[in-house]
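Colleague: I have the file open. Can you take me through the side-chain contacts?
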Amino acid sequence: MRMKPAVSINSPQEEERDTPLMAAKLPLSVAIALLQAIMFAGATEFIVGDETGWIVGKNYTKWTENKDFKVGDKLVFQYMAVQHDVFWVGEPEFNSCKTSPYIEHQTSGNDEFLLTTPGRRWYICGKSNHCTSGMKLATIE
């Protein structure tokens, strides 16, 4: 009596998942996810300028004095979108209040910047004379 070959009831995705290579990748992805969860577990969300937000006339150097920025923290810039914006720039652009070149530019009025790496970061408002009037923020780590 001749028997028919067994038919797989697994989908192609399930069969692929069962391969040794996929089995080896699973623990690595789990380890990465756990590491990220641990890194960001103690994260803080900072509303830049606190209750006043991102405005002309605020001393952001003074605002940062008691802040301890860490990887995983989030900076939230809140402002009237038609009046301001936020450029994440390098130190030379920060010092000269130039918006180009920039790393990132946001304009929503509720802009979020996640601190994904250690080190200093510089932010400025690109609207006319706002940066030169003090609307600039340098994080300190």
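Modeller: Salt bridges to begin with: the term here means a side-chain nitrogen of Lys or Arg within 4 Å of a carboxyl oxygen of Asp or Glu. By that rule E45, K74 and E112 are linked in a network of salt bridges. Keep in mind that this is a predicted model, where local features need pLDDT of at least 70, side-chain atom pairs count only at pLDDT 80 or more, and totals for chains, interfaces and linings use all residues. Residues are numbered from 1 along each chain as its sequence is written, and side-chain values use heavy atoms, with hydrogens and water left out.

Colleague: How many salt bridges turn up in the whole structure?
Modeller: The search finds 2. In one, E45 pairs with K74, and the closest N and O atoms are 3.8 Å apart. E45 is in strand 1 and K74 in strand 2, so this pair ties together parts 29 residues apart in sequence. Strands (E, at least two residues) and helices (H or I, at least four) are DSSP runs, numbered from the N terminus.

Colleague: What does K74 do with E112?
Modeller: Their side chains meet in a salt bridge at 3.4 Å, N to O. K74 is in strand 2 and E112 in strand 5 (residues 110-114), which puts them 38 residues apart.

Colleague: Where do K74 and E112 stand on accessibility?
Modeller: K74 has a relative accessible area of 24%, so it is partly exposed. E112 is partly exposed too, with 40%. The cut-offs are under 20% relative accessible area for buried, over 50% for exposed and partly exposed in between, with a 1.4 Å probe and protein chains only.

Colleague: Switching to cysteines. Which ones are joined by a disulfide?
Modeller: C97 and C131, with S to S at 2.1 Å; the criterion is a pair of cysteine sulfur atoms within 2.5 Å. The structure holds 1 disulfide. C97 sits in the loop between helix 4 (91-96) and strand 4 (102-106), while C131 sits in the loop between strand 6 (122-124) and strand 7 (136-138), 34 residues apart.

Colleague: Left-handed or right-handed?
Modeller: Left-handed, because the torsion about the S-S bond of C97 and C131 is about -70°. C131 counts as buried because its relative accessibility is 4%.

Colleague: And what about C125?
Modeller: C125 is in no disulfide, and the nearest cysteine sulfur, that of C131, is 8.2 Å away. C125 is buried, at 2% relative accessible area.

Colleague: Rings next. How many aromatic pairs are there?
Modeller: There are 10. Rings of Phe, Tyr and Trp (its six-membered ring) pair if their centres lie within 6.5 Å; planes under 30 degrees apart count as stacked, over 60 as edge-to-face and the rest as tilted. One of the pairs is F46 with F69, edge-to-face at 4.8 Å centre to centre and 65° between the planes. F46 is in strand 1 (residues 45-47) and F69 in the loop between helix 3 (60-64) and strand 2 (74-78), 23 residues apart. Both are buried.

Colleague: How do W54 and F77 sit?
Modeller: Their ring centres are 4.8 Å apart and their planes are at 85°, so this pair is edge-to-face. W54 is in the loop between strand 1 and helix 3, and F77 is in strand 2. Both W54 and F77 are buried.

Colleague: Which aromatic cluster are they in?
Modeller: W54 and F77 form one cluster with Y60, W88, F113 and Y123.
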